[in-house]
Each structure stands twice: as structure tokens, then as C-alpha cells.
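Try each task before reading its solution.

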Amino acid sequence: MKKITIYTDGACSGNPGPGGWGAILMYGKNSRELSGYEPETTNNRMELTAAIQALDALKEPCEVAIYNWMRNGWQTASKKPVENRALWEALLRHTKTHMITWIKVKGHSDNQYNNRCDQLATGAIKAHQASQKV
């Protein structure tokens with residue numbers, strides 16, 4: 001079974017507002033960056049979407065280490081249950097295919113991959129906003 005490392009992040013300009021997500025998938029010396037945009041969303045939705053999209057990109061069952069905020073007991077910083085049930089269900093479906101370990105990374109820390117995912121997420125927002133001004 002391949003061992004994959006995934007870093008993810010989500011961003012929102014306003015909450016709710018335009019949002020973006022970013023992910024980096026790493027296998028050995030290879031890496032792949034993914035990102036996307038939604039016009040009206042929340043930061044939590046983008047965090048979940050990043051993980052879902054990264055897992056969707058895997059073509060076979062893998063042993064996966066995902067670095068993001070979700071190891072926080074699936075709770076918000078204020079210890080309330082997260083919302084977005086449909087996204088949670090989509091994410092949890094992947095646990096039937098892949099062996100997933102959730103590893104918490106403090107947002108906006110000095111982790112180069114988390115910082116790159118943040119750049120991908122905010123870059124998706126900026127790219128869409130720039131295309132709307134043309």
C-alpha cells in the first residue's frame with residue numbers, strides 16, 4: 001500500500017464569502033498541488049473541501065497521513081461541533097478506502113507545506129477575483 005502525505009488548508013475572504021482551498025499530495029519524491037475556488041462559502045467548508053479533493057485525487061487505496069486542523073476532535077476552536085454534515089460524510093467515506101491518520105498542524109505556523117497550502121487557497125480566491133475584474 002502506497003504511503004501518501006497530504007497537507008491541506010482552506011481560506012475565506014469574509015466568513016462567509018469567496019473561498020479557496022489548497023492541498024499538496026506527496027509520494028516519495030513526487031508532489032502534486034491542487035486548489036479550487038467557491039464564490040460563497042465558509043472557512044470550515046474550504047478546510048473540508050481541501051481534504052476531500054485531495055483524497056478524491058488518489059487512484060487506489062493508500063496509507064495516508066493528512067496534516068490539517070481536523071485532529072481537534074472534529075470541533076471548532078470554540079469546542080462546538082462543526083457544521084457541514086454532507087461534507088463530513090463525503091470525507092468519512094474515504095476512511096473506508098484509505099488508512100487515514102489525521103495530524104494536527106497549527107494554522108499559519110512555520111510548516112512550509114501548510115503555508116504553501118494557504119498560498120494555494122488564497123491564490124485561488126485572488127485568481128478568481130482578478131478574472132472577474134477583466
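## Exercise 1: A helix pair

Bear in mind that this is a predicted model.

**Task.** Work out whether helix 1 and helix 2 are roughly parallel or roughly antiparallel to each other, and find the handedness of their crossing.

**Solution.** 
1. Look at the crossing first: for helix 1 and helix 2 it is left-handed.
2. Next, take the geometry. Helix 1 (residues 43-56) packs against helix 2 (residues 85-93) at an angle of about 25°, and their axes lie 9 Å apart.
3. Angles under 35 degrees count as roughly parallel, and the two helices are therefore roughly parallel to each other.
4. Now list the partners. Helix 1 brings Arg-45, Leu-48, Thr-49, Ala-51, Ile-52 and Leu-55, which meet Leu-87, Trp-88, Ala-90 and Leu-91 of helix 2.
5. Sort these contact residues by type: 8 are nonpolar, 1 is polar and 1 is charged.

## Exercise 2: A cis peptide bond

**Task.** Which residues does the cis peptide bond join, and where is Pro-16 placed?

**Solution.** 
1. Recall that most peptide bonds are trans.
2. Here, Asn-15 and Pro-16 are joined by a cis bond, with omega about 15°.
3. Pro-16 sits in the loop between strand 1 (2-12) and strand 2 (17-27).

## Exercise 3: A pocket

**Task.** Describe the lining of the second largest pocket.

**Solution.** 
1. This pocket has a volume of about 290 Å³.
2. Its lining comprises 13 residues, with Ile-4, Leu-25, Tyr-27, Ala-57 and Leu-58 nearest the centre.
3. Strand 1, strand 2 and strand 3 (30-41) each give two or more residues to the lining.
4. By type, the lining divides into 7 nonpolar, 2 polar and 4 charged residues.

Terms used: Residues numbered from 1 in each chain as written. Predicted model: local features only at pLDDT ≥ 70, side-chain atom pairs only at ≥ 80, totals over all residues. Heavy atoms only, no water. Axes fitted to C-alpha atoms, helices over the stretch in contact; angles between N-to-C directions. Helix = DSSP H or I, 4+ residues; strand = E, 2+ residues; numbered from the N terminus. Parallel < 35°, antiparallel > 145°, perpendicular 65-115°, else oblique. Left-handed = near helix turned anticlockwise from the far one by under 90°. Contact = heavy atoms within 4.5 Å. Nonpolar A, V, L, I, M, F, W, Y, C, P; charged D, E, K, R; others polar. 1 Å grid on protein atoms, 1.4 Å probe; cavity = no way out; pocket = protein on both sides within 12 Å on 5 of 7 lines; lining within 4 Å. Points joined across faces, edges and corners; volume = space filled by probe spheres on them.
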